[in-house]
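Here are my notes on this one, as numbered points. Have a look at the model first, then read on.

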Amino acid sequence: MAFRKDLLLISSWIKPNTKVLDLGCGNGELLKILKQEKNISGYGIDNDIDNIKLSLKNNVNVLQIDLDNGLEDFEFEYFDYVVLAQSLQVIKNPKELLNQMLRIGKEIIVSFPNMGHWSSRIQLLTSGIMPVTGNLPYSWHDTPNIHLCTIKDFLIFCEKNDFEILEKNITDNNQRCNLFTKLMPNLFGQIATFRIK
Amino acid sequence: MDANSIKIVKPTNVIIKNPLKLLSGKVLSEYKLKYETYGSLNSDKSNAVLICHALSGNHHVAGYYEGDDKPGWWNNMIGPGKPIDTDKLFIVCVNNLGGCHGSTGPTSINPITNKIYGSDFPMMTVSDWVESQKELMDVLKIPFWKFVVGGSLGGMQALQWSFQYPKLIHNCIAIAAAPKLTAQNIAFNEIARQAIMKDPNWHNGNYLEKGVMPNQGLSLARMLGHITYLSDESMREKFGRDLKNSKLGFNYDVEFQIESYLRYQGEKFVTGFDANTYLLMTKSLDYFDPVKDMSDNLIKNLCECKSNFLIVSFTSDWRFPPKRSKEIVKLLLDNKRNVSYSEISAEGGHDAFLMDNKDYFDVMASFIMESSNGI
C-alpha cells in the first residue's frame, strides 16, 4: 500500500526519539514509519474496528476511542507531538479537541482540506449547491465532515485562541507547492498542515 | 467434532512440594496442580502461552476428552489456525488452586488432618494463583510467557502476572476484565455467597463430611451469576416473554422460558461444581485490587515490564463494562506501557468473551500474529 503523501510531510516535522499520539490514525501507517525510521514511541487512536485491526497488524499501539469523548485519559504534556491528520472536519467540538491536544502534547500537528479552494468557491457560486470535491466527496446530508473551514478561518481561529503557529505548509492534493499556493494559499491550497503550540 | 479443533487431549497432574505462602499468611505445604497443554514448546522455548480461566472455568480449554462430545471452554479461540494458534504456540492452562476440577481445593484431602478440607481450605487470591502458576512454569522449564491471556477473572490474573513477574511476560491480553470490583460487583457476589451459606445443607462448609450438598444455594448462586453474564438484549432476543406452555398456569411453576433456562443452568452447574470453590472464587474476585495492594511496587514493576498489552471489552457487558477496561488502559498509559485497546460491538454481555465474533477474533488474531513474529 502506498504511503499517504500528506503523512510524509508530517513525519518530516517529527524529531526522532519522541512520543507521538496520532488521532484518527487509520491503518497506523504514520506511526509504523515513525517507529521504523525515527524510533518514536506512541499510540494511535481510531474508532473504526477495521482500522484497529489494521493498526494491530502494523504492530502499533492503537486505542479504540471516540475522539468526541475527549482525551482525558492522557496527562499534561504526555506527548511531544499530537497529530490530527485530515480529521479536524469530522470532530464534533474541534475547539475543545484542539485545546485538549495542546494540553497533552508539547506541539500539535493539524491538517485539513481547505474549503476556500477555488473549485469549492466556484461550485457554490455557479451551481448554488454545497461543494462536492475529490477531498470532500459527500453530499451535505450524508457527510461525516461537519466542521469544514478555510485556511483563513483557521488562521483567525488560531489568533483568537492564542495558538502559536510554528510552521505551516499549504499544498495541492499531491503535496506540491507552486507559485499560486504560495501567493494565494486560501484560493489555491487544497491541503493545509500546521504545527502549533 | 469441529474439523479445525485440537483432537483428543488429556490433563496432567503435578505435585508441587515447595510450600506456597499465601497472601492471607497461611501456607499450603504441598499441592497438586492439574493442567493441560496443547501444541509443543519450540527449541528456544519462546512460544509458551498461559491461559487463565474465569470463575467457573478450568484447565480443559480446548480439544476433546476421549468419549466426550463437548470440547474445552475456549475451543473456538484456541486450535490449529485459530487466533491462539496451536500450530505455532505452546498453550498451558491450569486449574486454579482452590478449584474443584483436579487441582488442590476444598474437596481435596488435607494432608495434616487426613480429612476433606471443606471450609478449612485457605482463601486464595489472584496473586497466590500467579505464584502457583509460576511454580508450574518452572516445572515445565518455560523461561517466559510469550502471552498470558484471560477473560474476566482470567483477565485479572493475566494483568496480575504482568504486575508480579514483569520480566517473565512478553504480551498480556486481558479481556472483559476490571482493575478491581465495584460495590455492585461485590454485592452480587455476596448474594451468591449468602444463597450458598443459607442452604440447610451448608454445615459451615463441611457438607461433604455429612454426605450432603448445598445444591439449592449453589444453583441459586449460579442463576444469579448467570444473569450478570448476559445482557438485557441477548436475554430478550433469546427468551423474550416466551412461555413454556401456551396458557398461563396462575401458579409458581416454571412458566416463562427464561425461568426454565435459569433453573436448568443452576441444576446443571451443581453437578460439576463445588460450593466452597464458588465462595473462594467470588471472594478472590472481591479482593482483587493490585493498585492498592502493591502501591509503589506496582509502579516500579510496571516500569520494568516490557510487555505489550491488549485490553478488550464488549459493548453490552455490564458486569465489567468498557469503562472498567478503560481504567486498566489508563493505568497502563499513566505508566507509559505499550497498550492497545478494542471495544467490540457485541450483544452477548459479559459472556461475549467466550462467543464467536468476527471483530473480536480478528483483533485477537492480528495482535497475536504480529506479536509472535520471530517464533
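1. The centres of domain 1 and domain 2 of chain B, taken over C-alpha atoms, sit 26 Å apart. Domain 1 covers 12-180 + 289-371 and domain 2 covers 185-281, with bounds from an automatic or database domain assignment. Keep in mind that this is a predicted model: local features need pLDDT of at least 70, side-chain atom pairs count only at pLDDT 80 or more, and totals for chains, interfaces and linings use all residues. Residues are numbered from 1 along each chain as its sequence is written, while chains are lettered from A and ligands numbered from 1 in the order in which they are written.

2. Between these domains of chain B, 23 residues of domain 1 are in contact with 18 residues of domain 2 (C-beta atoms, placed from the backbone, within 7 Å).

3. As for the chains, 13 residues of chain A are in contact with 16 residues of chain B. On the chain A side, helix 3 (49-57) and strand 3 (61-64) each supply at least two residues; helix 3 of chain A gives the most, with five residues. Helices (H or I, at least four residues) and strands (E, at least two) are DSSP runs, numbered from the N terminus.

4. Helix 1 of chain B (residues 126-139) has 14 residues and reaches 20 Å from its first C-alpha to its last, close to the 20 Å expected at 1.5 Å a residue (1.5 Å times one less than its number of residues). Just after helix 1, B:K141 takes a positive phi of about 55 degrees.

Note on methods: Two residues are in contact if their C-beta atoms, placed from the backbone, lie within 7 Å.
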